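My entries follow in the order in which I made them.

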Amino acid sequence: MSVLFERMTFADWQRLSPAEVARTLHAKADALRPGQREAVFAMLACEEEIAGRLERIGEGVTANPLLAGVPFVVKDVFDAAGWPTKAGSTFLDEERPRPEADGVLVKTLRETGAVLAGKTHLHEFAYGITGENPHYGYVEHPRLPGRTSGGSSSGSAAAVAAGVVPLAFGTDTAGSIRVPAAFCGLFGFRMAPHHPWIADAFPLAPSFDTAGWFTANAGDMAASFQALLGVKATGRVWRGAWLPFGDVDTELVAAQASAAASLCGPLEAELADRLRVEFAEAPKAFGALRGPEAWAVHANWAERRKDAYDPVVFARVIAGRDMTAEAQAAAKVARERLIAAFGAVWERYDFLVLPATPCVAPVKADCTQATRDRIFQLTTPVSLAGLPALTLPVALPGGFSTGLQMVAPTCDAPVFADVLALTYENHPTSHC
């Protein structure tokens with residue numbers, strides 16, 4: 001197995017000396033295909049800096065044994081002292097002061113003893129579902145050349161999928177953790193909006209933005225749940241339900257259904273019919289509410305900086321400026337109906353399982369609006385309702401993958417930990 005594709009667990013990294021961690025991490029980054037190191041990493045600490053941080057673990061903090069010594073990276077929307085935050089753009093650090101201190105997420109992770117190794121690139125301003133960025137490069141799937149890693153948390157997903165680090169943080173507004181996790185065969189967790197970890201990150205749409213992270217296997221995701229959220233497996237038997245919907249490629253349907261069947265049975269017909277009706281309205285409603293929020297974030301400089309934007313991203317930003325009050329009012333009504341429909345599910349079930357992607361990672365030529373629309377059919381219902389979701393990878397022939405969205409009412413629901421424990425028991429280093 002090549003150095004690039006050897007996905008080491010948290011424990012594997014913890015067994016190395018500080019110098020070995022730094023040397024191994026850089027060797028893996030250097031083994032990326034030509035141009036991909038620059039496309040994936042916005043910043044990567046030098047070997048001496050990484051080793052020095054590892055040697056200082058425990059100074060001033062009470063390290064958590066589950067994460068102490070584990071190297072991690074963050075999407076370049078999270079502030080880290082001494083590094084600029086550009087959010088995939090060329091100019092944000094000129095409009096927004098360089099952070100003098102760590103943001104809440106990075107500060108929290110440092111306090112566990114995990115070691116920040118770098119920051120990752122993304123779809124510009126997190127306003128896209130692929131890894132395309134005209135400024136820094138197209139983040140490809142590490143194992144499938146020419147295919148997207150998914151986005152917008154493209155660099156973070158690729159860094160874990162390639163084995164450069166075992167833990168990477170991103171954001172998910174409309175699927176930006178769920179989609180790359182499914183495309184890259186990773187476990188991914190999307191939290192809920194308004195959590196402190198996302199509150200001081202550079203936003204896309206503050207009412208819908210969430211923080212989250214990727215790991216390559218169930219055991220590491222379970223360990224991070226315990227270390228970061230204090231949630232452990234209980235051994236309890238939970239009641240879940242599977243709901244297939246959307247325009248999913250035929251070759252994915254059976255694989256998703258088979259994976260879901262290992263977790264739960266089908267959703268009751270009455271609830272399924274109700275959810276499908278509300279899900280159909282979610283993409284439009286989500287867009288009507290997200291768009292104006294995104295415009296508000298960029299309003300002070302968007303037109304002045306027009307030529308510095310990716311033209312596709314700029315068009316999305318401007319579209320939010322022109323959203324009508326009537327469209328927003330209708331979207332709010334749709335959102336309330338959707339939340340009520342999910343509420344009816346939570347009265348009878350502990351979790352709901354949904355497909356995460358309608359297709360495998362597409363080639364660049366197929367990263368079209370039509371593909372984007374198909375993906376948003378599946379991801380925006382969870383986003384519009386503001387719910388957390390755990391992505392469980394589903395392996396497919398030829399090295400491809402898709403995934404399931406496991407949705408529950410709250411981030412700290414122990415059902416997530418119990419499903420991860422079951423997955424880990426059956427497949428200790430499970431990944432695609």
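**Helix 10**

I started with helix 10, residues 218–229, keeping in mind that the model is predicted. I find 12 residues in helix 10 and a reach of 16 Å from its first C-alpha to its last, close to the 16 Å expected at 1.5 Å a residue.

I then looked at both ends. At the N-terminal end, Asn217 caps helix 10, with a side-chain oxygen 3.1 Å from the backbone nitrogen of Gly219. Just after helix 10, I note a positive phi of about 70 degrees at Gly230.

Next I checked burial. Helix 10 is mostly covered, with 9 of its 12 residues buried. The buried set includes Asp220 and Ser224 along with Met221, Phe225 and Leu228.

**Helices 12 and 13**

I looked up how helix 12 (residues 269–298) meets helix 13 (residues 311–321): their axes come within 7 Å and cross at roughly 105 degrees. Angles of 65 to 115 degrees count as roughly perpendicular, so I recorded helix 12 as roughly perpendicular to helix 13.

From helix 12, I list Gly291, Pro292, Trp295 and His298 as meeting Val317, Ile318, Gly320 and Arg321 of helix 13. I sorted the residues of this contact into 4 nonpolar, 3 polar and 1 charged.

**Ala181**

Is Ala181 buried or exposed? I put Ala181 down as buried because its relative accessibility is 0%, and I place this residue in helix 8, residues 178–184. Leaving out residues up to four places away in sequence, I find Ala181 touching Leu186, Phe187, Gly188, Phe214 and Thr391. I also checked His121, 60 residues from Ala181 along the chain; their C-alpha atoms are separated by 16 Å.

Notes: Residues are numbered from 1 along each chain as its sequence is written. This is a predicted model: local features need pLDDT of at least 70, side-chain atom pairs count only at pLDDT 80 or more; totals for chains, interfaces and linings use all residues. Side-chain values use heavy atoms; hydrogens and water are left out. Axes are lines fitted to C-alpha atoms, for helices over the stretch in contact, and angles run from 0 to 180 degrees between N-to-C directions. Helices (H or I, at least four residues) and strands (E, at least two) are DSSP runs, numbered from the N terminus. Angles under 35 degrees count as roughly parallel, over 145 as roughly antiparallel, 65 to 115 as roughly perpendicular and the rest as oblique. Contact means heavy atoms within 4.5 Å. Ala, Val, Leu, Ile, Met, Phe, Trp, Tyr, Cys and Pro count as nonpolar, Asp, Glu, Lys and Arg as charged, and the others, Gly among them, as polar. The expected span of a helix is 1.5 Å times one less than its number of residues. Buried means under 20% relative accessible area, exposed over 50%, partly exposed in between (1.4 Å probe, protein chains only). A polar contact is a pair of N or O atoms within 3.5 Å; within protein, one must be able to donate a hydrogen and the other to accept it, and residues adjacent in sequence count only if both atoms are side-chain atoms.
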